[in-house]
Amino acid sequence: MRLISRVVRFSGVGLLSTFVHFFVLVCLLYLSLPVWLANLVAFTFAFIASFLLQQNLTFADRLGGARMNLFAATTLFSLNLVCAGVLGQISGTRFALFLPLAPAILNFTALYIMSGNSKFKKRA
């Protein structure tokens, strides 16, 4: 797949997962959860949606029919969890609604690297 096609697919899935993140975040903030906790929970929902869609739509050709393994999911989740936690802690309420935009570059780079590396693929 050409890079432009991959970026377009990644962006589409990213927009959908950003919407999930934003929607869950707003609902949890409405319920008066602390910003850092609301962001971590919202991120988790968005991560699951994004991870499944990215490996099935955006990076399926690089995975060669395989699926990303638990190590890949854990690594990516951990990187994003730290990012979401730190940003949620330092942003405060004023910038809370911008939090779903933060992980885009990190995720594209990490997923691109992982999808081409056998260490991150399930063994047949």
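In this predicted model, Ser 50 sits in helix H2. Its relative accessibility is 12%, so Ser 50 counts as buried, the limit being under 20%. Once the neighbours within four places in sequence are set aside, the contacts of Ser 50 are Val 13 and Ser 17. Another residue to look at here is Gly 14, placed in helix H1, which covers residues 3-30. Gly 14 has a relative accessible area of 19% and is buried, because the limit is under 20%. Between Gly 14 and Phe 47 there are 33 residues' distance along the chain, and their C-alpha atoms are separated by 9.8 Å.

The chain has 5 helices and 0 strands, and read from the N terminus its elements follow the order α-α-α-α-α. The chain has 124 residues, and 37% of them count as buried. If contacts between residues at least 6 apart in sequence are taken, 79% of them join residues at least 24 apart. The accessible surface amounts to about 7300 Å², with 73% of it belonging to carbon and sulfur atoms.

A pair of aromatic rings is described by the distance of the centres and the angle of the planes. The structure holds 5 aromatic pairs. One of them joins Phe 43 and Phe 47 in a tilted arrangement, with 5.8 Å from centre to centre and 45 degrees between the planes. Both residues belong to helix H2 (residues 35-58), where Phe 43 and Phe 47 are 4 residues apart, about one turn of the helix. Phe 43 and Phe 47 are both buried. How far apart are the ring centres of Phe 47 and Phe 77, and at what angle do their planes lie? The centres are 5.1 Å apart and the planes stand at 70 degrees, so this pair is edge-to-face, a label that applies to angles over 60 degrees. Phe 47 is in helix H2 while Phe 77 is in helix H4 (residues 70-91), so the pair ties together parts that are 30 residues apart in sequence.

The two partners are covered to the following extents. Phe 47 has 10% relative accessibility and counts as buried, whereas Phe 77 is partly exposed at 24%. Phe 43, Phe 47, Phe 51 and Phe 77 together form one aromatic cluster.

Met 114 touches Met 68, Ala 72, Thr 75, Leu 76 and Phe 120, leaving out residues up to four places away in sequence.

Leu 79 and Leu 106 are 27 residues apart in sequence, and 8.5 Å apart in space from C-alpha to C-alpha. Val 86 is likewise found in helix H4, and its relative accessible area of 46% makes it partly exposed. Together, Val 82, Val 86 and Ile 90 make a nonpolar surface patch of about 300 Å².

Charged side chains complete the picture. Side chains of opposite charge can pair when their charged atoms come close. How many salt bridges does the structure hold? There is 1 salt bridge, in which the side chains of Arg 6 and Asp 61 meet at 3.0 Å, N to O. Arg 6 lies in helix H1 and Asp 61 in helix H3 (residues 60-63), and the pair links distant parts of the chain, 55 residues apart. Are the two partners buried or exposed? Arg 6 is buried, with a relative accessible area of 3%, while Asp 61 counts as partly exposed at 40% relative accessibility.

Terms used: Residues numbered from 1 in each chain as written. Predicted model: local features only at pLDDT ≥ 70, side-chain atom pairs only at ≥ 80, totals over all residues. Heavy atoms only, no water. Phe/Tyr/Trp six-rings, centres within 6.5 Å; stacked < 30°, edge-to-face > 60°. Helix = DSSP H or I, 4+ residues; strand = E, 2+ residues; numbered from the N terminus. Buried < 20%, exposed > 50% of the residue type's maximum accessible area, 1.4 Å probe, protein only. Contact = heavy atoms within 4.5 Å. Areas by Shrake-Rupley, 256 points an atom, 1.4 Å probe, with all protein chains shown as cover. Patch = residues over 30% accessible without salt bridge, like charges linked within 9 Å, V, L, I, M, F, W, Y side chains within 5 Å. Salt bridge = Lys/Arg side-chain N within 4 Å of Asp/Glu carboxyl O.
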